[in-house]
Amino acid sequence: MTIQSRITGGGPKKLLAIDGGGIRGVLSLEVLKKIERLLKEQSGRGDAFRLSDYFDYISGTSTGGIIAAGLSIGMSVDEIMDFYVEAGAQMFVKARLLERLRSKFQDEPLARMLKEVFGAHTTLGSDSIRTLLLLVMRNATTDSPWPISNNPYAKYNERTRLDCNLDLPLWQLVRASTAAPTYFPPEVIVLGKKPNMMEFIFVDGGVTMYNNPAFQMFLMATVDRYWPHAPERQRGWPTGDDKMLIVSVGTGTSPDVRAGLEPEDMNLLFNAASIPSALMFAALNEQDFLCRAFGDCLAGDPLDREVFDMKGSIGPTSPKLFTYLRYNAELTSSGLTAIGCGNILPDSVRKLDAVDAIPALREVGQAVAETKVEAGHFGRFSAV
């Protein structure tokens, strides 16, 4: 199925979003593995089935961008998991001592591995990408979020443009989306050709409002737009709880990460380190909240004690605009105990670079998949 047929074809549309979260992406992969198995059984296609056969639009931020790109080119969840398990330690190679004032880890090993997985010459507009793909990064040069997709009708994807985004290497866009400040150096991307060449510096999309890209993907999929090079005005995909499915997969949250904090602890260094993560956590929850308000939420943990999980909530629109599934884990003592992982210490699985915790993170992901992912959640959107 071509990208154009994904865009213009009829029938219900299925969208998948994966949060950022460093090595905690293996948690998401275990959840996706369960989803892949359930849909494979529905489809009757056996081992030939891929999530790219089912989902029309896949989005991801940071580590979610790696997973989203892998799924979009037709990789199985197991193949992506193998990449994380085998290459996890190589992703986080400590920078040389003098370079650590700039970033904690080197960028060359990760860039090399991304080239191997996606191909050094595979571009965003490549025919090897089977679905619509959305990658989120932050353009530090313009101080703005960049949700970039391979929609051939998008303004900056017009093939006649010298700065056509579809010509950008896929591996480099994924690398830009994963360039977490203080963890990895930024990624420099060159657009266009001389004399109109432009150079932009990109960092991790997790430091935008879209560390969870689910609602942003919904907007990009449904808003009506007109582009001169499109054959006609492109209508957004139709909405309705029977016309659109959005599946959102998280990498774990840590609401009690600063338990026992004292006012005197909040010095300049503390605020410099903690404010970005606090803003990212708030943005992640806001995207989830919006999806539950506008969608018919069939799966999702409680957001807070005020609104709880919003399953069956009327929200601001009626009827609902889409069916919504949210799968995530709370990486607290109580949250881990609730899914049968009380033996795992929360601090061991919270860090973005906790490579040694891959087995524990996989155990948490398997528990989330076992306790929260149900075949009935996909009943309105058969894989057959």
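This is a predicted model: local features need pLDDT of at least 70, side-chain atom pairs count only at pLDDT 80 or more; totals for chains, interfaces and linings use all residues.

Reader: Okay, why is Val190 called partly exposed?

Author: Val190 has 37% relative accessibility. Buried means under 20% and exposed means over 50%, with partly exposed in between, so Val190 counts as partly exposed. You'll find Val190 in strand β5, residues 187-191.

Reader: What makes Val190 part of a patch on the surface?

Author: A patch residue needs over 30% relative accessible area, and Val190 has 37%. Val190 forms a nonpolar patch with Val188, Met197 and Ile201, and together they have about 290 Å² of accessible area.

Reader: How do you know that Arg175 forms a salt bridge with Glu187?

Author: The closest N and O atoms of Arg175 and Glu187 are 3.3 Å apart. The cut-off is within 4 Å, so the pair counts as a salt bridge. Arg175 sits in helix α7 (residues 170-177) and Glu187 in strand β5, so this pair ties together parts that are 12 residues apart in sequence. Both Arg175 and Glu187 are buried.

Reader: And what makes Arg292 and Asp288 a salt bridge?

Author: Here the closest N and O atoms are 3.0 Å apart, and that passes the test of being within 4 Å. Arg292 and Asp288 are four residues apart in helix α9 (residues 268-294), which means about one helical turn separates them.

Reader: Let's do rings. Why is the pair of Phe215 and Phe218 called tilted?

Author: The ring centres are 5.4 Å apart, and rings pair if their centres lie within 6.5 Å. The planes of Phe215 and Phe218 are at 40°; under 30 degrees would be stacked and over 60 edge-to-face, so this pair is tilted. Phe215 and Phe218 both lie in helix α8 (residues 214-222), three residues apart.

Reader: One more: how do you know that Lys14 lies over the face of Tyr54?

Author: Lys14 is 4.9 Å from the ring centre of Tyr54. The distance cut-off is within 6 Å, so Lys14 meets that part of the test.

Technical notes: Residues are numbered from 1 along each chain as its sequence is written. Side-chain values use heavy atoms; hydrogens and water are left out. Patches are made of residues with over 30% relative accessible area and no salt bridge: like charges are joined within 9 Å, nonpolar side chains (Val, Leu, Ile, Met, Phe, Trp, Tyr) within 5 Å. Accessible areas come from the Shrake-Rupley method with a 1.4 Å probe; for residues, only the protein chains shown count as cover. A salt bridge is a side-chain nitrogen of Lys or Arg within 4 Å of a carboxyl oxygen of Asp or Glu. Helices (H or I, at least four residues) and strands (E, at least two) are DSSP runs, numbered from the N terminus. Buried means under 20% relative accessible area, exposed over 50%, partly exposed in between (1.4 Å probe, protein chains only). Rings of Phe, Tyr and Trp (its six-membered ring) pair if their centres lie within 6.5 Å; planes under 30 degrees apart count as stacked, over 60 as edge-to-face and the rest as tilted. A charge sits over a ring if NZ of Lys or CZ of Arg is within 6 Å of the ring centre and within 35 degrees of the ring normal.
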